[in-house]
Amino acid sequence: MSNVYNPFFHPYSFNPPLYHSPDMYNTYRTYPYFSHWGRTPAYNHAFNEEDGITNFISTLEERGFIVQEGTLRYIDILQLASEGKVSTAFGNIVGAPYAAYLLPPAPNQEPSPGQRPPKGYNPEDPQNYPANLDYIEPGVNYKLRPDEAIVLIGQTPPPTVYFSFRSYLSFVENKPAKDYSDTVTTGDQHTGFYHFIGASLGDQISNNFIWTDRTPYGSPGNPNDSSTIVITTADQAIDQQMRHALAESGFNTGIMNSDIIPGGLVRTGLESGKDHFMFVMRAALFENPDTGWDYINHLERYFTVLRITPEKPYPAVNPWPIPALRIRETGTTEFQVVPNARDTVDYLRNQIIRKYGDPDYDIVDLELNLAIPDAYEGILQDVNVWIDNRDTIYVKSETFQLATDDDFVIIYGVNNTQTGFATYINLSFYGDELWNGVAGTAFTNELQYPADEYFPEWYKNDKYYYVAKLSRNTTEGNEIIIPYSTGNPQGSAYGIDNNQDAFVVIRNYVNQKTKVASAPFDIIWGHAILFTKKQ
C-alpha cells in the first residue's frame, strides 16, 4: 500500500498515515475565519479588542495595579537541545508545536540574564527578590506572588484536531539530602537549587471545553479561530477582580476561562525556594499545515499577555481549592467493546512475525507500561511528569537500541479511535538521553494505519486494529522514518543514532465521550516488537 496526499504534511510534522478522507473537518469549514490581528475577518464585531485591551490596562492602573506585557512564543525544544541550551526535550511530540509564556519579572524582582528590568525596578533596593530561573529561555519559568494574575487575550488556533492551554508547576526546590542527579536540575546559591516537575495543575482548557466567542460559556460550537481570554490566578478574589475589569472594558464574560493554580499544591511567592510555574499552549494536527504553522510562528499577532501585580501587596485570603478533576471512567471498558481482543491481538502478532520474521533477525517483544503518574501524584512523589496532559494517557516501552540500519520496530494493537476510546493516537520514537521525540505519526477516525492485510478477506472487524512500522529505510512506502543524530541538518537532537538507548511512547488522546483521556486501565494498550538484525 502506498501513501496518498496528506494535508497534514509539513517539514516539521509527522510522517503521514495511509488514508485521508476528503470529507474530514467539514464541520470546521462551515465557519468563517476571524482575527482581530491576523487573518482577514469574515464578519464584523462591534467590539474592538485592541481598544478593549487598552481600556483594561488603564482600568487596572487606575485601581493600583502594575501591568507588564509578556509574550506567548513557540518553543522549538529540539533546536534548544541541539544547541546545548537545555539538557532535555521534555518528551516532545515531533510536529506538534508547543508555545509558552515568556514573562517579565515581578516589579521588585531581579531580572535574569537576557531580561529587561521590571517596571519600577530599583537595582539598589536590598529588598529585591532573586531572579527567576532562566532554563529553556528567560521568562519561561517564573515565580508568582499569591496576589498576582496573568491574563491572556487573543485568538485560538485555526482548525485543528486538538489544542489546549494550561499552567504547570515547573521547578521546585530540592529537598535536603535527596539525590537529584538523574533528573533535570538548575539554580545556584542565590536563586536556590531546583529540580523539574512539569506537572499540570488541573484539567486542560482544551478545544472541547474552552469558552470562546463561538462557544460562549462553554456552549457547543467550533472553538477554532475564536476570541478567548485565559485568567491565571492563585486566588479567587484576584480572579474576580480581573473579570470585573475585563467586563468593564467591554469584554464578554462568556469568553473568560479561569486557569486555576490550587493553593494546596503549590508554594507561591518570590522568595528563594518558592515554586516556579510555566504556561503551555499545545496544538496537534492542523487541517491546513501552512496556515497552522504561520499562526504558531507569529503568535505575537494573535495574543496579548499581561502580568498584573498590585502596587501594594493584596491580602490573598481566598486561594483556589484543589479542583475536582474531570471523570475519565465511562462505566464501560474497551475490553467489553472488543471482547475477543486477546485472541485477535495474539493472532495479529503471529501474522506480523510471519511477515517480518527472518532467521537473520532477533525478535523482541518490548514491555510497555505507564510512562508517568498523574500530575498531582507526581507533585507528591516529587518526580518529573514531563509537562503532562490529562487529555491523554502515556504508554512507554522499555529502552532498546537500533543496532543496525536494518533494525525496525512494529507497533500494533487495538485501534482506540474506532472503539471511541480515543479521538486520535500518537506514536512517537524517542532518544532516552534527551527524551527527544524524533519521529512519529498520528491517526484519527479518518487517517489510519490499517491492519487489514493481516486478516482474511472475510474478517469484518479488522478496523479495530492497526499496525505501524518505524524504521531507518523505506521498503514498503508507509514507514515512519527514524532520522539520525549525526549529520542531521536540523540539529543533533532531531535524530538518534544506532546503538543509542531509545524508547517508543503511545499516546491515546481524548475519549470521544468524556472529552478527556480514557482511564488508563479502561483502554487496551498498544504493543511493540523490535526486529534487530543479528551481528
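Start by selecting strands E2 (98-102), E10 (277-286), E14 (392-397) and E20 (502-509): each gives at least two residues to the lining of the largest cavity. Strands here are DSSP runs (E, at least two residues), numbered from the N terminus. You are looking at a predicted model, in which local features need pLDDT of at least 70, side-chain atom pairs count only at pLDDT 80 or more, and totals for chains, interfaces and linings use all residues. Residues are numbered from 1 along each chain as its sequence is written, and side-chain values use heavy atoms, with hydrogens and water left out.

Now show the space itself, about 310 Å³. Of its 25 lining residues, Ala89, Phe90, Tyr98, Trp386 and Ile387 are the closest to the centre. A cavity is a set of points, on a 1 Å grid over the protein atoms alone, where a 1.4 Å probe fits but cannot get out; lining residues have an atom within 4 Å of a point. Points are joined across faces, edges and corners, and the volume is the space filled by probe spheres set on them.

Next, pick threonine 399, in the loop between E14 and strand E15 (408-414). Beyond its neighbours within four places in sequence, threonine 399 touches Asp432, Ala502 and Phe503 (contact: heavy atoms within 4.5 Å). Threonine 399 is partly exposed because its relative accessibility is 36% (buried is under 20%, exposed over 50%, partly exposed in between; 1.4 Å probe, protein chains only).

Finish at glutamine 155 in strand E3 (residues 149-155), which is buried at 1% relative accessible area.

Methods: 1 Å grid on protein atoms, 1.4 Å probe; cavity = no way out; pocket = protein on both sides within 12 Å on 5 of 7 lines; lining within 4 Å. Helix = DSSP H or I, 4+ residues; strand = E, 2+ residues; numbered from the N terminus.
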